[in-house]
Amino acid sequence: MVDQAHLDALRAKYGNASGGDIFEPHFREVAQSQFKGGDKRKWPFAGIPTLLDAPGLPEAQDDEHFGGLDIALVGVPMDLGVTNRNGSRFGPRALRTIERIGPYDHVLRTSPMSKAKIADIGDVPMCSRFDLAQCHLDIETFYRRLAGAGVRPLSVGGDHSITSSILKALGEKEPVGLIHIDAHCDTAGPYEGTKFQHGGPFRLAVLDGVLDPRRTIQIGIRGPAEYLWEFSYESGMTVVHAEEVGEASLPRLIERAREVVGDGPTYVSFDIDSVDPGFAPGTGTPEVGGLHPREVLQILRGLNGLNIIGGDVVEVAPQYDATTNTAQIAAQVLHTILCLMVNSGQVGGA
């Protein structure tokens with residue numbers, strides 16, 4: 001039997017309301033940042049694509065203060081450091097084409113774009129498409145400028161080697177902690193005459209004195225390269241294999257991650273190959289037996305309130321995934337990390 005009084009109340013409130021009329025105060029605040037002139041929203045399939053549909057502000061790169069941004073979304077389209085299949089140079093472009101990510105995270109109850117000054121400032125300018133060492137110098141130089149201006153970076157690679165040079169800039173004054181979600185520990189040594197390769201950025205960062213290994217946790221590790229990761233164990237990193245990650249174990253894993261990094265400055269680095277290739281085949285070094293996207297999001301959301309000073313999403317190679325699912329997952333992770341950065345209490349009005 002229909003409750004007629006209840007139905008009449010709903011009709012009185014919503015009968016003539018448009019899609020842009022939101023009454024609950026928290027939801028209304030989010031809606032007001034999206035609707036312009038009643039029920040009109042920006043078309044998700046129109047306009048110039050940017051990371052997370054943020055305002056595009058490439059001219060900020062020419063400004064000493066980067067336009068007064070709190071957080072800069074940055075592309076790093078460089079994959080000269082791969083050991084297997086290349087193609088993650090197209091990762092930033094692939095994530096920019098993904099629509100309908102955000103503006104709101106329903107678990108964290110956060111709409112990051114309305115809480116801080118955030119923009120996509122384009123890609124790191126590189127001097128040479130052929131010189132790996134020069135690319136890393138360019139990356140380090142660019143992120144030193146961001147750090148000097150007090151802007152927190154959230155980046156899209158590119159291969160995972162980029163993270164060592166980002167950390168070298170961000171951890172110059174104080175070594176940072178690390179939440180690292182990946183199939184591989186990436187703590188191997190130099191190969192074939194180069195220290196810049198995507199299997200070794202975190203050994204480099206520790207030896208450079210910019211990453212605190214005892215405040216580092218690596219989650220989702222698996223595959224045939226375990227013999228390469230002795231540095232993780234000897235340096236004091238916490239390693240959590242993929243087999244240890246499951247629905248029942250997540251609360252304890254999140255608690256453990258929070259204990260490891262504490263309340264100090266912490267960086268989040270997410271490699272898409274942490275996710276099982278059944279979900280995300282578009283990567284250069286796929287490893288079967290990986291995490292589910294929902295597990296990744298639960299872990300990240302469990303880090304809410306930590307002092308997240310920056311992050312990256314790397315190793316998306318879109319040409320290996322005609323479905324675009326890999327880029328879709330990566331973009332959702334990027335948005336979740338952005339929420340963590342806004343909720344850290346260090347930027348904007350958070």
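Which residues in helix 9 meet which residues in helix 10? The views below start there. This is a predicted model, in which local features need pLDDT of at least 70, side-chain atom pairs count only at pLDDT 80 or more, and totals for chains, interfaces and linings use all residues. Residues are numbered from 1 along each chain as its sequence is written, and side-chain values use heavy atoms, with hydrogens and water left out.

**View 1. Helix 9 meets helix 10.** From helix 9, the residues Pro 293, Val 296, Leu 297, Leu 300 and Arg 301 meet Ile 329, Gln 332, Val 333, Thr 336, Ile 337 and Leu 340 of helix 10; contact means heavy atoms within 4.5 Å. By class, this contact has eight nonpolar residues, two polar and one charged. Here Ala, Val, Leu, Ile, Met, Phe, Trp, Tyr, Cys and Pro count as nonpolar, Asp, Glu, Lys and Arg as charged, and the others, Gly among them, as polar. The axes of helix 9 (residues 293–301) and helix 10 (residues 325–342) come within 10 Å and cross at roughly 10°. Axes are lines fitted to C-alpha atoms, for helices over the stretch in contact, with angles from 0 to 180 degrees between N-to-C directions. Helix 9 and helix 10 are therefore roughly parallel, a term for angles under 35 degrees. Helices (H or I, at least four residues) and strands (E, at least two) are DSSP runs, numbered from the N terminus.

**View 2. The largest pocket.** Look here for a volume of about 980 Å³. On a 1 Å grid over the protein atoms alone, a pocket is an open set of points where a 1.4 Å probe fits, with protein on both sides within 12 Å along at least five of seven lines; lining residues have an atom within 4 Å of a point. Grid points are joined across faces, edges and corners, and a volume is the space filled by probe spheres set on the points. The lining has 36 residues, and Gln 34, Lys 42, Asp 53, Gly 102 and Pro 103 are the closest to the centre. Helix 2 (residues 25–32) gives the largest share, three residues. In the lining, 20 residues are nonpolar, eight polar and eight charged.

View 3. Most residues other than glycine have a negative phi, and most peptide bonds are trans. With 68% relative accessibility, Arg 100 counts as exposed, which means over 50% relative accessible area (1.4 Å probe, protein chains only).

**View 4. The second largest pocket and helix 5.** This pocket holds about 350 Å³ of space. Among its 15 lining residues, Ala 147, Gly 148, Ala 169, Leu 170 and Lys 173 lie nearest the centre. Helix 4 (132–148), strand 3 (152–157) and helix 5 (162–170) each give two or more residues to the lining. Helix 5 is mostly covered, with eight of its nine residues buried, meaning under 20% relative accessible area; Ala 169 and Leu 170 are among them.

Methods: Parallel < 35°, antiparallel > 145°, perpendicular 65-115°, else oblique.
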